[in-house]
Amino acid sequence: MKQFLIWWLIIGIAFAIDGEEGVIANEFALYHNYPNPFNPVTTIKFSLPETQQVTLKVYNLMGREVVTLVDQELQAGYHTTKWHAGNMASGIYFYRLMSEKKAITQKMILMK
């Protein structure tokens with residue numbers, strides 16, 4: 001299967017989105033990041049049952065947005081993104097996948 005890779009660099013935090021074309025997911029899902037706890041890079045996987053506009057954001061324990069990892073229309077299928085959190089403090093963070101219809105949140109731990 002053809003894979004595509006999109007690289008972004010925002011305020012010193014780099015991440016990438018990988019996807020597999022032709023692989024159809026049957027649910028809107030946000031999976032546990034791995035590794036967890038992590039230092040300083042973790043992988044976040046999610047699936048979309050249809051092409052849609054989605055955002056994937058990371059929040060600190062106080063609920064403040066730390067970074068937006070994804071903010072675009074993505075095709076149906078499985079997607080992964082990496083969060084490079086080398087300049088962030090150790091602690092608990094939440095990542096949230098949102099579309100027009102649904103939102104899912106998971107917890108992760110950055111341990112330095």
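Strands are DSSP runs of E with at least two residues, numbered from the N terminus. The model is predicted, so local features need pLDDT of at least 70 and side-chain atom pairs count only at pLDDT 80 or more, while totals for chains, interfaces and linings use all residues. Residues are numbered from 1 along each chain as its sequence is written, and side-chain values use heavy atoms, with hydrogens and water left out.

**Exercise 1. Strand pairing**

Solution. 

**Exercise 2. Salt bridges**

Task: Find the salt bridges and classify the exposure of Lys101, Glu50 and Glu65.

Solution. 
- Step 1. Apply the criterion: a side-chain nitrogen of Lys or Arg within 4 Å of a carboxyl oxygen of Asp or Glu. The structure holds two such salt bridges.
- Step 2. One of them joins the side chains of Lys101 and Glu50, at 3.2 Å from N to O. This pair links distant parts of the chain, 51 residues apart: Lys101 is in the loop between strand 8 (91–98) and strand 9 (103–110), and Glu50 is in the loop between strand 4 (41–48) and strand 5 (52–60).
- Step 3. Glu50 has 37%, so Glu50 is partly exposed.
- Step 4. Glu65 forms a salt bridge with Lys57, with the closest N and O atoms 3.4 Å apart. At 43% relative accessibility, Glu65 is partly exposed.

**Exercise 3. Aromatic rings**

Task: Determine the geometry of the ring pairs that involve Trp83.

Solution. 
- Step 1. Rings of Phe, Tyr and Trp (its six-membered ring) pair if their centres lie within 6.5 Å; planes under 30 degrees apart are stacked, over 60 edge-to-face, and the rest tilted. The count comes to two aromatic pairs.
- Step 2. The ring centres of Phe38 and Trp83 are 5.8 Å apart and the planes are at 55 degrees, so the pair is tilted. Phe38 is in the loop between strand 3 (29–30) and strand 4, and Trp83 is in strand 7 (residues 77–84), 45 residues apart.
- Step 3. With relative accessible area of 2%, Phe38 is buried. Trp83 is buried at 0%.
- Step 4. The centres of Trp83 and Tyr93 lie 5.5 Å apart with planes at 75 degrees, so this pair is edge-to-face. Tyr93 is in strand 8, 10 residues from Trp83, and Tyr93 is also buried.
- Step 5. Phe38, Trp83 and Tyr93 form one aromatic cluster.

**Exercise 4. His79**

Task: Locate His79, decide whether His79 is buried or exposed, and find the backbone oxygen that its side chain reaches.

Solution. 
- Step 1. His79 lies in strand 7.
- Step 2. The relative accessibility is 3%, so His79 counts as buried.
- Step 3. The side chain of His79 reaches the backbone oxygen of Gln75 at 2.8 Å.
- Step 4. Leu48 is 31 residues from His79 in sequence and 8.1 Å away in space, C-alpha to C-alpha.

Conventions:
Helices (H or I, at least four residues) and strands (E, at least two) are DSSP runs, numbered from the N terminus. Buried means under 20% relative accessible area, exposed over 50%, partly exposed in between (1.4 Å probe, protein chains only). A polar contact is a pair of N or O atoms within 3.5 Å; within protein, one must be able to donate a hydrogen and the other to accept it, and residues adjacent in sequence count only if both atoms are side-chain atoms.
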